[in-house]
Amino acid sequence: MHELGLAENVIAAVGSDARRRGFTRVSRVTLRVGEWSAVLPDSLEAGFHLLASLEGDLFAGTELRIEREPARGICTACGSTFPAGRTGLVCPACGGPGRLESGVELEIASYEGE
Amino acid sequence: MEVKVVERILKVNDAVAQANRSRFDAAGVLAVNIIGSPGAGKTTVLERTVEGLKGRFALACIEGDPYTTRDAERIAALDCPVVQINTQGGCHLDASLVSQALEQVDLGAADLLLIENVGNLLCPSQYDLGEHLTVVVLSVTEGADKPEKYPAAFQRARAVIVSKIDALALTDVDLDDVSASIRRFNPQAEVFPLSARTGEGVEAWLQWLAKQVRAAR
């Protein structure tokens with residue numbers, strides 16, 4: 001449900017940009033989705049293909065590529081960066097408090113069209 | 001031809017959220033987005049917050065709920081202006097739903113706007129409503145592992161209320177474990193263990209929130 005709404009935003013944004021450029025076909029859309037973004041890539045992909053099929057020729061056969069962005073922290077004390085994954089945002093090097101550097105992205109990175 | 005886009009999928013939402021925030025700022029209102037699972041005790045915490053602060057500040061609430069007006073009725077019973085948003089099954093509030101609700105809120109007359117999000121720890125973490133700060137309500141009966149399971153919600157929170165501490169003895173949860181787990185995913189978060197039922201711990205939360213309201217004026 002939620003992913004379908006996100007897919008709708010992707011189709012709308014890419015579709016309007018592609019039409020503005022006079023493209024007749026979008027062959028690939030690349031998204032950047034963070035590990036902590038609370039989004040299921042499979043559902044997003046299913047929603048994307050469903051909505052793309054309703055869009056006619058512009059999105060016929062469009063490939064969706066999802067790049068997963070790992071959750072990474074940066075320590076506010078010592079400046080080192082580290083994977084936040086399951087261990088969280090406490091710096092493994094010095095124990096200082098970290099802040100999230102990446103991992104909640106939900107972006108359209110690029111698309112290919114002609 | 002490759003076209004670099006790099007824009008947030010929620011760009012439209014973010015723009016509306018920014019407009020909401022500008023309205024709050026212009027009116028000198030602190031807006032708080034309250035996130036938590038169904039049954040975490042969000043509405044009860046809200047009731048205690050309204051009761052505790054209404055003598056000191058002018059309050060307003062927006063109640064997000066999939067269906068029913070039950071929560072709004074509870075807040076209205078405390079003589080607090082409240083607007084109900086029904087998402088009709090939707091899993092989160094978004095900025096435009098809040099924007100529509102704001103048509104019925106007298107922001108000029110308010111110091112603090114409390115927005116209760118839909119009971120969910122996933123989607124609400126993605127949608128900026130234009131709030132100044134996010135508060136997560138986590139009840140002890142949900143277990144200590146929630147920050148690890150829902151990092152985005154906890155990472156976003158300025159404060160985490162650990163609710164229902166009167167039920168601690170019925171669980172195998174340890175308050176120190178919950179706090180440690182929260183701080184692992186958000187080292188800067190303020191943590192307020194409290195019981196909205198007995199009142200234990202509520203004052204510390206109210207004092208902290210009051211300080212944020214005064215700073216936003």
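Asp14(B) sits in helix α1 (residues 11-27) of chain B. Helices here are DSSP runs of H or I with at least four residues, strands are E runs of at least two, and both are numbered from the N terminus. This is a predicted model, in which local features need pLDDT of at least 70, side-chain atom pairs count only at pLDDT 80 or more, and totals for chains, interfaces and linings use all residues. Residues are numbered from 1 along each chain as its sequence is written, chains are lettered from A in the order in which they are written, and side-chain values use heavy atoms, with hydrogens and water left out.

Leaving aside residues up to four places away in sequence, Asp14(B) touches Arg8(B) and Asp128(B). Contact means heavy atoms within 4.5 Å. The side chains of Asp14(B) and Arg8(B) are joined by a polar contact of 2.9 Å. A polar contact is a pair of N or O atoms within 3.5 Å; within protein, one must be able to donate a hydrogen and the other to accept it, and residues adjacent in sequence count only if both atoms are side-chain atoms. Pro38(B) is 24 residues from Asp14(B) in sequence and 25 Å away in space, C-alpha to C-alpha.

**The interface**

In all, 32 residues of chain A are in contact with 26 residues of chain B. The two chains bury about 2500 Å² between them, 63% of it on carbon and sulfur atoms. Buried area is the accessible area (1.4 Å probe) that two parts lose on being put together, summed over both. His2(A), Trp36(A) and Leu106(A) supply 21% of the area that chain A buries against chain B, more than any other three residues.

Which polar links cross between the chains? There are 11 residue pairs in polar contact, both at pLDDT 80 or more.

On the chain A side, α1 (2-20), β1 (26-34), β5 (98-102) and β6 (106-113) each supply at least two residues. β6(A) gives the most, with eight residues.

**Sheets**

One open sheet of four strands spans both chains, in the order β2(A)-β1(A)-β6(A)-β1(B), with mixed pairing. Two strands pair if DSSP finds at least two bridges between them. β2 (63-69) of chain A and β1 of chain B stand at the edges with a single partner strand each, so one side of each is left without a neighbour in the sheet. The twist averages 20 degrees from one strand to the next.

A second open sheet has three strands of chain A in the order β4-β3-β5, with antiparallel pairing. Its edge strands are β4 (81-83) and β5, each pairing on one side only. Here the twist averages 35 degrees from one strand to the next.

| Strand pair | Bridges |
|---|---|
| β6(A) and β1(B) (residues 2-8) | five bridges |
| β1(A) and β6(A) | seven bridges |
| β3(A) (residues 72-75) and β5(A) | four bridges |

Ile108(A) stands opposite Glu7(B) in β1(B). Arg28(A) stands opposite Glu112(A) in β6(A). Cys75(A) has Gly98(A) as its bridge partner in β5(A).

α1(A) lies across β1 and β6 of chain A together with β1 of chain B, running at about 40 degrees to β6(A). Axes are lines fitted to C-alpha atoms, for helices over the stretch in contact, and angles run from 0 to 180 degrees between N-to-C directions.
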